[in-house]
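Have the viewer open while you read.

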Amino acid sequence: MEDFFLRALGGGIGAALAAGPVGCFVVWRRMAYFGTALAHAVLLGIALGFLLDIEPTLAVFAMCLLLAGCLVLLERQRSLSVDALLGVLAHAVFAAGLVVVAFMERLRVDLIGYLFGDILSVGMVDLWLIFGTAAIVTTTLAWQWRNLLALVVNKDLAVVDGVPVERVRLLLLFLLAAVIAVGMKIVGMLLVVALVIIPAAAARRMAATPEQMAVASTAIGVVAVVAGLFGSLEWDIPAGPAIVLVASAIFVASLFIPVRGGPARNK
Amino acid sequence: MTPTPSGDAEQPMPLVEAQGVSVSFGRRNVLDAVDLKVRAGEIVTLVGLNGAGKSTLIRAILGIIRPDLGKIVRAPGLRIGYSPQHVHRDPILPMTVQRFLTLGAPAPREKLEAMLDEVGADAILDYPLAEISGGEMQRVLLARALLREPGLLVLDEPLAGVDVTSQSDLYRLIATIRDRYGCGVLLVSHDLHLVMAATDTVVCLNRHVCCTGQPQMVLRDPEFISLFGPHLSDTLAIYRHLHDHRHDALGEPLSIGSGASEGSHTSGQHP
């Protein structure tokens, strides 16, 4: 097997390891649209990364955080719904990204790669970044698991229980931004949220506890990456969309599993 | 940060005290200079119409929102058990009742079973949280609050979704809990009948504190009467009367309510 293919496999699996558990929180906290908005910052992040000569993944991460920060601040004014705010910011930042990229001759060639991912060009630096991120994300999640879960269940109860709710919320945004920054390398900015959400959604019916769901979500992500990559090799189809299609197929199949989680109730 | 015992010295120090708390959302003033105290062993009930700011006051006292003016003083080391008015349960989160109960404070299964039994819920520990009924959820929330062994129990509409026949049981349970653990209880309720029967202090809220005091005093307060209407005030006075023998404590010379309660006294039976 070619080296580039092994690196692609490694990178994809690493991204799936980070996206699996974070995806569960995105689904539980209904942050899917929020994630999509963050992903729209990818292009501007990459362009600024080139201009300032910063590693693109880090620049994207910083840009996502910046956008998340803007959203948190804007949420405090109450005249516009969060939904509308996300729509405004996401597209404004995406348009800005497209304009900046248009000025940069060298980048324009790679535009498709950033929109749809270019997993076959994953290099050693990318691998380090991806696995480093996966390690940080999973240890942070394990460390803050209880607090995060309390936040998911009910924010007010969490406050009274002594959970530092605001900090935990920011932590989750931070982790999501990190996952998007490494995931976009694999499936591109237009599909990165799919890598986060679809495995988690598919995992729901396989799990009776939050932990089982996080593990199942990760496993589904890994299976999707491996199957998608081999499919792309076999039938010569684009790798990112192939991965997302496999995950989607698993999701559809999961709909036929009866929901787990406790005994059935006869009333 | 010690709360100052205001006034009478024999009263125990308040567990929690709101001092001149004002909250506004945008241009809407929801609470205006509200004072409230809850002492150990005391059941304080907030009454008021929709939009009177009851839940907002509770949330300020719990530290969920910050008051724009005024402050909340808590006794040092106070542990609070809270049962919110509504907890959204999303089936996307796989979680059993047992897991939900132990998120706030870890406890062995036997203790959880005993607690569910105490609040009158069935053995539903292994059921998904999203699948239990609204009334069961209220009991689970109460159990969760009690599991924290609180010094102060804060219950926002604990009767929502509970059948009418079980409501008085739940009220009796709250009084029993207060007696057994000696905790303070801060309650929000719409059900004035039961409130009047099981409360030490009523605080009638309409963005500001309209009136406050023992239930039978509040019933005769002109502000309470104008807020809830003379009819309701009369009905409650009768109800209260049947359960309270200290008639002479009602010596307030307020014309509207007293006539009716006198009438009920002569014709009514004492339990």
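The points below walk through chain B, starting with the overall make-up and ending with the helices on the sheet.

1. First, a caveat: this is a predicted model. Chain B comes out with ten helices and nine strands. It runs to 271 residues, 44% of which count as buried.

2. Six strands of chain B make up an open sheet, in the order 5-6-7-3-8-9, with mixed pairing. At the edges you'll find strand 5 (80-83) and strand 9 (208-213) of chain B, each pairing on one side only. Neighbouring strands in this sheet are turned by 15° against each other on average, ignoring direction.

3. Which strand pairs with strand 3 of chain B in the parallel sense over four bridges? That's strand 7 (residues 184-188) of chain B, with strand 3 covering residues 43-47. As a reminder, strands of a sheet pair through backbone hydrogen bonds, either parallel or antiparallel.

4. Two helices are worth a look here. Helix 1 (residues 54-62) of chain B lies across strands 3, 5, 6, 7 and 8 of chain B, and runs at about 150° to strand 6 (152-156). Helix 4 (residues 134-147) of chain B lies across strand 5 and strand 6 of that chain, at about 170° to strand 5.

Technical notes. Residues are numbered from 1 along each chain as its sequence is written. Chains are lettered from A and ligands numbered from 1 in the order in which they are written. This is a predicted model: local features need pLDDT of at least 70, side-chain atom pairs count only at pLDDT 80 or more; totals for chains, interfaces and linings use all residues. A residue is buried if 20 or more other C-beta atoms lie within 10 Å of its own, exposed if 12 or fewer, and partly exposed in between; C-beta atoms are placed from the backbone. Two strands pair if DSSP finds at least two bridges between them. Axes are lines fitted to C-alpha atoms, for helices over the stretch in contact, and angles run from 0 to 180 degrees between N-to-C directions. Two residues are in contact if their C-beta atoms, placed from the backbone, lie within 7 Å.
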